[in-house]
Amino acid sequence: SYVWGDPNDICTIFVDRKPVKITASLESALRHLREQEPGRVLCLWADALCINQPDVLERNRQVQQMGAIYSTAHHTVIYLGLSTTEIDFAFEQLQLNPAPGSMIRLDGSSPEELTAIWNILGTCVLTKPWFKRVWVFQELVLSHDPWLQCGTRRIRWDKFCEILSAIETKCTNVASHALGTVDVTEKPGPDMLRPLHDMQTRRHAFHYTTKNNGDNVHHNSLLDLLSLRRGLGASDMRDLIFAHLGLAADYRQDPKALSVDYTLSCTQVFAEAARYMIEQGALEKVLEHIWDVETAHRLPGLPSWTPDWTLAKSGRMVPKPSSFCITKALEAAVSFTPWTQIPMRLICAGWEIASVARLSKPLSFLEKPQDEVRNAWLDVLNDSNIYHVAESEEDPGYQNNYQIFVALYNELLQIFGFDVQHLSLPPGFMGSFVSDSFRWHKKRIFWVLSYLKGLYHGYENIPLHPLALICLFVLGLGSMLRRHEDAGVLDTAIEKVLSLDGNRLGLLDVNIIKSNKKKRRHTMDMGRDSCFAEMPFGLFPGLAKEDDGICMFSGCEKLYVCRPIEKSEDEDDGEHLIILGECYIDRFIILRYNPTELLATDFIFH
């Protein structure tokens, strides 16, 4: 197991007395693996030599059985490249432990020695290109006895992982300095062990489930593996799919459902993989990976419903909706058009429940300094004083929260062009609000406002921008805070909101069902009080535009922003769309204007 390296850096070796050109990285591996004992033969398998690479049909067959090759090998050598003085020193220290599980020598080592080993391995070994290539994951996980090798230094993989993890816990806070002639002052990054941990966790889980329970389809599905390893390096991007097939539990149960075929383009391979996973019932999970990126950054010609696995995993988390949608009880109904006719289309039943009326600028909560956040809260407090609330039996604190609540949403309304001058509330509006069928939902928001005010000793000290707090309510995270009164849950909620940078707040035009007919309700024509009471707001991808549709798909919990496009003359009639990504709106809008009272529409996604 090795990295091919620069294809232009070529060396010549002799196989059966005939010259064969290979990359310099493989030549180095063979040279350092060669037995020193005269006359002893070492049996090796290396893909560049054992697969006729120019023969596409042979390559298809061999790649299809790569999983079996690594599963049956006695040993797998992971060749990382040439060694250095520092790596030799670290590997010598690791070899002092006789076997995995033995920490006796480690416990007796000085903090300086442990720190030296940790720094070397973290900066000189774990940064090797091998750890960021796509094929190596299957090669490692399926191997019974993998070894790490630099130059001629070699150590068992399991032992390497166990000792490195133990060292990391012992020397995190120890100062670095030179140790003899070895420079160990450079420290590894804080997340350096994460790829190693992910690999080892999957390796253990795979061998455990295979030994005791058979394949774990849900844990090691193709989608699960692609999600974990997306964006890694590969000389041929089609291998981002093919390199995981031998490890994917669902594929191992039915290998004929998806073929290794290097005659297909990368776009076709990705779309075929998406089709395969959707037909396995993973429509919603596949659509989670439609990241909010410009079309120009995606593979040319890639369907909008197909994830681009060449893109690295986004730093933004995909927030969970506050509650399931009513369509989850319905089975997903999907079909596909074949590549032989036109580029593959996904056909899915669903409903358009609304459209985007107005949009804010892209959110940028992470870039706002704390002084700006504090001033924004002071503005909200000043604005809240102009709202007159009719007398009520509610306590003064409740009325104060209500005024803050009104100020927050009026700030939101101004973004979308509403005239909010002289917005004192009319007499009796408080009472009508309290009797609203959604009052418990808004009371929950009031509770969160009180909670934050008490936690930070005043609204002006809340570290979350007012608009970020509105996003928190739109995502339904207020209910999570209401159930768990501790700062840890608040931190989690804030982290989710901050992860939404680049998305937009939006105002909806909702489709109302009356007399079994759909009618578009234009929010900008509503009175301010009606808009305030119904709160038809949402969070949308940064690529969203006004008039984009908000769609429900049969069998899915989430909502998606879709854009109509024109069909070609030879395509079927229907609503032709592209998918831009997930969006989040208050679930009460869905429950109040239930679109499923109408027959579902067949959406045709390009």
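Start by selecting helix α8, residues 135-142: 8 of its 8 residues are buried, so the helix is largely enclosed by the rest of the structure. The model is a predicted one. Colour the α8 side chains by burial, where buried means under 20% relative accessible area; among the buried ones are W135, F137, Q138 and E139.

Next, move to the sheet. Select β3, β4 and β5, which form an open sheet in that order, with mixed pairing. The edges are held by β3 (76-81) and β5 (153-156); each has a single partner strand, so one side of each lacks a neighbour in the sheet. On average, neighbouring strands here are turned by 25 degrees against each other, direction ignored.

Now show helix α1, residues 24-33. Helix α1 packs on the sheet and touches β3, β4 and β5. The direction of α1 makes about 120 degrees with that of β3.

Stay with the sheet and select β4, residues 146-150, together with β5. The two strands pair in the antiparallel sense over 4 bridges. Within this pair, C150 stands opposite R153 of β5.

R153 belongs to strand β5 and E92 to helix α5 (residues 85-94), so the contact ties together parts that are 61 residues apart in sequence. R153 is partly exposed at 30% relative accessible area, and E92 is also partly exposed, at 37%.

R156 is in strand β5 and D145 in the loop between α8 and β4, 11 residues apart. R156 is partly exposed, with 36% relative accessibility, whereas D145 is buried, at 12%.

Which residue forms a salt bridge with D158? Select R203: the closest N and O atoms of the pair are 3.3 Å apart. D158 lies in helix α9 (residues 157-170) and R203 in helix α10 (residues 194-212), 45 residues apart. D158 is partly exposed at 27% relative accessibility, while R203 is buried at 4%.

For the last stop, select R59, D236 and R238, which are linked in a network of salt bridges.

Conventions:
Residues numbered from 1 in each chain as written. Predicted model: local features only at pLDDT ≥ 70, side-chain atom pairs only at ≥ 80, totals over all residues. Heavy atoms only, no water. Pairing = 2+ DSSP bridges. Axes fitted to C-alpha atoms, helices over the stretch in contact; angles between N-to-C directions. Contact = heavy atoms within 4.5 Å. Buried < 20%, exposed > 50% of the residue type's maximum accessible area, 1.4 Å probe, protein only. Salt bridge = Lys/Arg side-chain N within 4 Å of Asp/Glu carboxyl O.
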